Amino acid sequence: MNDITDITKAMHLENSQLENPSRRDFIVKSAVAGGGLALGLAGCATGTEGNAPYTGPVTEINSWVLVRPNDDVVIRIARSEMGQGTLTGLAQLVAEELDADWSKVRTEHVLPGQNLANKRVWGDMSTGGSRGIRTSHDYVRRAGAAAKIMLVQAAANEWKVPAGELTVDKGVITHKASGRSTTYGKVADAAAKITPPELKTIKLRDPRQWKIAGKPVKRLDTDDKLDGSKKYAVDVTLPGMVHAAIMDCPVFGGKLVSFDQSQIASMPGNPRALRVNETTVAVVADTWWRAKKALEALPKVWDEGPNAKVQQSDIMKHLATGLTGNENVFADTNDGDALKAIAGAAKKLEAVYEVPFIPHVCMEPMNATVRLSPGKAECWVATQNAEASMATLSQTSGVPLNQCEVYKMDLGGGFGRRGGNQDFVRQATQIAMQLPAGTPVKMLWTREEDLGHDFFRPIQHARCSAGLDANGNLVGLHIRVSGQSINAFAAPAAIKNGRDIRQLQGLWKEANMFPNDAQFGYTLPNLRIEYAMRNTHVPVGAWRGVNTNHNGIFAECFIEECARAAGKDSLEFRRALLGKHKYHLGVLNAAAAKGDWGKPLPAGRHRGIAQFMGYGSYSAAVAEVSVNGNDVKIHRMVLATNCGHAVSLEQIAAQVQGGVGMGISTLMSECSVRDGRIYEINLDKLALPKVQHMPKVETVIAPTFDFWGGVGEPTICVVVPAVLNAIHAATGKPVRHIPFNNGMRLV
């Protein structure tokens, strides 16, 4: 069954809106919606997420699978868990090929030092770009299948029968002919001595025949979160530990000139001020609160430099030059002659869209605990890339990589902030280097530091122009994106010949360096898509959904303007342009069908629709809103997603719901620059959505079982344009600036 619209009839999850829930109801509903005998490889984490601790023996079948005498199966997880469900999803894939009993599945984290020592047998440990499952599904499934082969062979050897005569169900091996059965726990020791099969020769189970993967299962990372026993990096406590509060120059590019330790010497906690680097000062004390208070009292002299003169208006003017100028501009797509087609069209349209800097606002502020001992460097940290954390620890401390270890903790929010940018690990290490050997130091940022020194989602503007013929057909489309480049700040080597294709994510052509990841779905005879690099002094980085978020707004809101100018239905106008792109069209149709497109609405409500692609998956959304004066209420959102193979339906639905929340947050939040620094450095100045702002969310999961797409980020890019298009339908006027700057507000 390859028709995406057919599958949607059988697969969708709905979640009712929470109307003023009690604390208990909120928690309950949120939980639902959400070789030889060894003690494991030395250095691997011993946590058993979501289960009671176990300290007995465990037999390692291979690098991914361990079995205990009580038949528990321990699956090692190399990726980070930050609430997105990757830990459970990867365990499902391994357990599927293993034919394990899900109720007996446990997990433990892999440490980067152990990965290095074992020639990276666990592969890539980074978790970002919605790649946790889509780029590791093959080798983890093969690891599970190989372990099953070895366990079955061990039973066959014991019974002296062909392995082909044995069957497995939930970790129980059965020989039907003789009526004998055994369990994984009983044959594990023997299985560990068997030569592993060649992984490439193993035939994996057809996803349509999955028993554990693709099915609703209990998540493995929620129990201790609900009862409060979960330990995050911010909770780390070590013997002899001291605490550090830190402050960077408030203006990006400024420097620390001096500070006066004598003025805090008599304060409680024996505070000691330290220069961390040329821009940063820290205070170390016996508690973090005492360190923070001493840091606030510490006299500091900053050289804020020329950037202290930069205002938000200057940045806006700078980006505006990219909309019309030719400096640092390139066209990634240039089919036909869009400019000529638009100039000769019967009807011409033009619009300029603007999106701001946006912070990550992780619930857990940046922090890290570092201990430097003779010949050993250790770090306890919430990280999306444990190997990058370890590399930063080594590079900063000078301790060789093979003498470093990072103890990866579950994250209290990531969203891209805890990925490539390891500034928090670097700073904690720089502080530890100035303390007596063996002294652990836990550095914790304040919320002000966290918001003021983020790596923000980059500010972007876009000028879109189009031409319609006399029949309302789109004959030419030109999109010029002007804004800050993430790669220019974080990875200059990725920019080739001044061209940063990353900023056009979601607007890419089908055949380029990123095939089948974030391609533009519409087919037009004349299409030109350009990027004008306009960098600022503000540091930028990946923010959940990254560039598909703003590019989805630019494309889908302008397509909406074209449809209305043509006098055509929003859905039908898109369908006509998506004829050659069955996956884009499939999710559009699925969202429209579930979202009751074309059917009557209650008085005062209006619908908007959008579709886009990102991270290898296809998404579409229908939003229902009402507008009363300046008050905007989002009542309902229906989102359809095709990620190819759906490993965990409930996790996918939860990610879609989370995407709705984050998308709505961008309608309310922004970071602006005043005197070279970020103005919104605490939550009193940063508007964030509350429970009442969340609409009823309905998720249509529509897998076509023929590719592997991501889940964590793709759907955010259709949330905002669908809402903005619904507002356009309600008011008759397009919304071209977010957050709202015309007095509108979400209620």
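This is a predicted model: local features need pLDDT of at least 70, side-chain atom pairs count only at pLDDT 80 or more; totals for chains, interfaces and linings use all residues.
Residues are numbered from 1 along each chain as its sequence is written, and side-chain values use heavy atoms, with hydrogens and water left out.

Strand 10 (residues 242–248) and strand 13 (residues 280–285) run antiparallel and are joined by six bridges. Strands here are DSSP E runs of at least two residues, and helices are H or I runs of at least four, numbered from the N terminus; two strands pair if DSSP finds at least two bridges between them.

Both strands belong to an open sheet of seven strands, ordered 12-13-10-20-17-18-19, with mixed pairing. Its edge strands, each pairing on one side only, are strand 12 (272–277) and strand 19 (404–409).

What packs on the sheet, touching strand 17, strand 18 and strand 19? Helix 11 (residues 386–397) does, and its direction makes about 140° with that of strand 19. Contact means heavy atoms within 4.5 Å; axes are lines fitted to C-alpha atoms, for helices over the stretch in contact, and angles run from 0 to 180 degrees between N-to-C directions. Helix 12 (residues 423–432) runs at about 40° to strand 17.

I close with side chains. The charged end of arginine 457 sits over the ring of tryptophan 543, 5.3 Å from its centre. The criterion is CZ of Arg, or NZ of Lys, within 6 Å of the ring centre and within 35 degrees of the ring normal. Lysine 685 likewise has its charged end over the ring of tyrosine 679, 5.4 Å from the centre.
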